Amino acid sequence: MKLFLMNILLAISWCALTADASLANFLAGFVVGYAAMAMSPVRKISRGYFRRLPRILGLLVFFLKELVASGLRATMEVLSPVRKSQPRVIRVDTELRERNHLLLLSQLISLTPGTLVLDVDPEEGVLYVHAMFAHSEQAFLQELRGGMERRVREVFD
């Protein structure tokens with residue numbers, strides 16, 4: 001957490017030095033600060049930050065891609081006169097056992113249009129998901145496990 005705050009301070013310093021307080025310049029300063037810290041002896045203090053930050057960004061990019069794709073699919077379903085949705089409730093057995101990991105996964109699933117987590121069994125790591133476009137239960141499970149669940153696991157490893 002300290003390194004993340006230090007990275008933010010470096011990004012703010014970058015904005016002050018370049019006299020540009022735009023979001024794009026802040027993000028550029030964040031990247032420059034991250035690279036500077038990665039090359040400095042600070043890296044020896046905590047390797048977790050340098051390992052987790054790219055994974056968190058990967059999860060964020062993946063989630064945003066899924067959010068846009070699912071939003072477009074749901075919009076097409078609403079606007080189309082022909083219904084293609086096949087709603088069903090699917091039991092998802094995850095490898096996640098920590099409550100926080102299950103909470104993050106369930107929130108990401110629920111925020112994605114067309115899916116909603118109905119119930120969570122934290123002791124068994126099971127989610128009950130209502131999916132609008134699950135034409136095949138196995139394909140849905142494979143896509144969820146190989147996509148969002150894998151990335152959530154990687155963030156916390």
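A residue is called buried here when its relative accessible area is under 20%, exposed when over 50%, and partly exposed in between (1.4 Å probe, protein chains only). The model in your viewer is predicted, so local features need pLDDT of at least 70 and side-chain atom pairs count only at pLDDT 80 or more, while totals for chains, interfaces and linings use all residues. Residues are numbered from 1 along each chain as its sequence is written, and side-chain values use heavy atoms, with hydrogens and water left out.

Select residues 53–74, where the unreviewed UniProt entry places a "transmembrane region", an annotation that may be inferred rather than shown by experiment. This span is 100% helix and 0% strand, and its end C-alpha atoms lie 31 Å apart.

Next, select Glu 77, which lies in helix 3 (residues 47–79); helices are DSSP runs of H or I with at least four residues, strands are E runs of at least two, and both are numbered from the N terminus. Glu 77 is buried but has no salt bridge, and the nearest side chain of opposite charge, that of Arg 83, is 4.1 Å away. A salt bridge needs a side-chain nitrogen of Lys or Arg within 4 Å of a carboxyl oxygen of Asp or Glu, Lys and Arg counting as positive and Asp and Glu as negative, with His and the chain ends not counted.

Finally, select the open sheet, whose three strands have the order 1-3-2 with antiparallel pairing. Its edge strands are strand 1 (88–93) and strand 2 (115–121). Strand 2 and strand 3 (residues 126–131) pair over six bridges, where two strands pair if DSSP finds at least two bridges between them.
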